[in-house]
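Biologist: Please take me through the fold and the local geometry of this entry, one question at a time.

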Amino acid sequence: MAVTIFILTSNQVDQIGIRLGIRPRKKESGEKIFEYMKRVNVIFDHNLAIQIFKEDFVEIIRECEILFLRNKGKIPFYSIKNMFHIYYELRKLEVPNLHKTLKDDSFLESTQFGIFSFLSPKARRKDNNTNILKPLIMQKISQKELSLQRELNNRLERQKIETAIHLKMMRKSLNNERKNKITFQGVLKDNLSYQNTKEFLFEYTILAFIVLFLCLGAILFTEISYYPSTLSQLNTWFITCVGVLILLIFVYLKQFKNRSE
Amino acid sequence: MKSNLIQGFRVLYLVGLIFLLLSFFLDWYSFQIFDSNKNILVSWNYNVLFEWSTPLSDDFALNRASRPENISVPWVINLIAIISIIVSGYIVLFKNVEQTESTKYLIHFTYVNAFLLLLVLFFLLVFPLLYLLPRALYFPLIYLEDLETGFNYFYSIGFGYLSHIIAFLLIFPYNIFYFRTANQFEKENNTPEMLVKKLIKRTEENLDLDKLIAQEEIKSKFKNSNQQHYVDPILNRYIKGAENTE
């Protein structure tokens, strides 16, 4: 149980640190959990005068960890109980993702992890136009989404589903740097929005006929204007062309524009 | 059902490209003169690549004299059109918008397809307006009787132009669909959120509870005799790490 709680706490602390833009804990070189927590606190105290991890939590973890290592995994039950309490408190911490400039996988191998962090001056210099409140807004949206998910898992309500969809769209639009594009994961043909666009193919077919008859009508009209003697032979063609064009436009507007409304 | 629809239109697009390519080798326009006994006196057919040609022999003096004026569609446009058809065919065959892993270059492909569509429209619209009508070559089908000479004049568009019309109808829907899809959708690649999730997953230690429970059970079974020899691997890592720093 002791090993379990230490692994869980270690993972949670790592996750918090990474999301805040700090490098992960150096497990191979023996950096302890409480040492990492102190480091995070020092960085944020220096930059923003705030404390991420409470001092008493750090102290309790320090005592438990030293005891754990000294006694080779054997710690008293009350220490395990304290560790579980701290773990669940850490889980309650809502930490926004402060990374903005990550674009490709190469950063995972980078030793200069810090330059991608929100706190890094290099990251701030690269991205002058980004809304600095965006991570906090995103966090609020995620918080609201999680609470909606819990409520909807118990009971489905139409308004809450609509709110959840609206929040998702808001989150996607905030994440989306290229305006008005629908983002998708995996393969496009599985995307729901894409499935709905297939109906446009019939609309485009009608549009093709409209464009064609428009062109033919324009040519015939020009010909009749230049050579009035051809009117007797071309009037049938011209009237047919215009008639079909009007019909197609009527069908197009009725079928497709009304549908989109 | 729905994905078959897209595939169907894609096949129609390819068929349209074949019609387009074919149209360059067929006659676009024909001009004929008949006498009152319906004997053919003059016959000229126009092809965009090979200009005017006649099925009648050189013995027909009237035929030679009645040769219409050269139309001379620039050969560059024909060449660009043929290249665009081939490139567009490659794009639609091998860069399927549905199966694409990356939407980054799709937008460039849409420009090629859109350019081809504009070229087709150019041939459909500009050829009759700027090349035929100024030379008194009527569109699309005219039969004139000259009562004085007794000759009957027949002007008509050829299978080449008809193929072009059919090709336009076949390629238009999928072309617009491709263009709209490429502009509307974007693959969600490597957002900061996704990359941070990857890093968190990479740094996390796996917690295999079944394994730990099994280890505890083994420990308790061998509690008296073998406990001193049993080494918990996870514990070992923590202890070694602590020893290194001390």
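**Helix packing and a hairpin**

Modeller: In this predicted model, chain A has 261 residues, of which 21% count as buried.

Biologist: Which pattern does chain A follow along the sequence?

Modeller: Chain A contains 10 helices and one strand. Read along the sequence, the pattern is α-α-α-α-α-α-α-β-α-α-α.

Biologist: Are helix 1 of chain A and helix 2 of chain A roughly parallel or roughly antiparallel to each other?

Modeller: Helix 1 covers residues 2–19 of chain A and helix 2 covers residues 33–48; their axes come within 10 Å and cross at roughly 20°. Angles under 35 degrees count as roughly parallel. Helix 1 of chain A and helix 2 of chain A are therefore roughly parallel.

Biologist: How many charged residues does the contact of helix 1 of chain A with helix 2 of chain A have?

Modeller: Helix 1 of chain A contributes A:Thr9, A:Ser10, A:Val13 and A:Gly17, and helix 2 of chain A contributes A:Ile33, A:Tyr36, A:Met37 and A:Val40. By class, five of these residues are nonpolar and three polar, and the number of charged residues is none.

Biologist: Which residue takes a positive phi in the hairpin of strand 4 of chain B and strand 5 of chain B?

Modeller: Strand 4 (residues 141–145) and strand 5 (residues 152–157) of chain B pair in the antiparallel sense over five bridges. B:Glu145 stands opposite B:Asn152 of strand 5. Six residues lie between the strands of this hairpin, and the residue with a positive phi, near 80°, is B:Gly150.

Key: Residues numbered from 1 in each chain as written. Chains lettered and ligands numbered in written order. Predicted model: local features only at pLDDT ≥ 70, side-chain atom pairs only at ≥ 80, totals over all residues. Helix = DSSP H or I, 4+ residues; strand = E, 2+ residues; numbered from the N terminus. Buried ≥ 20, exposed ≤ 12 C-beta atoms within 10 Å, placed from the backbone. Pairing = 2+ DSSP bridges. Axes fitted to C-alpha atoms, helices over the stretch in contact; angles between N-to-C directions. Parallel < 35°, antiparallel > 145°, perpendicular 65-115°, else oblique. Contact = placed C-beta atoms within 7 Å. Nonpolar A, V, L, I, M, F, W, Y, C, P; charged D, E, K, R; others polar.
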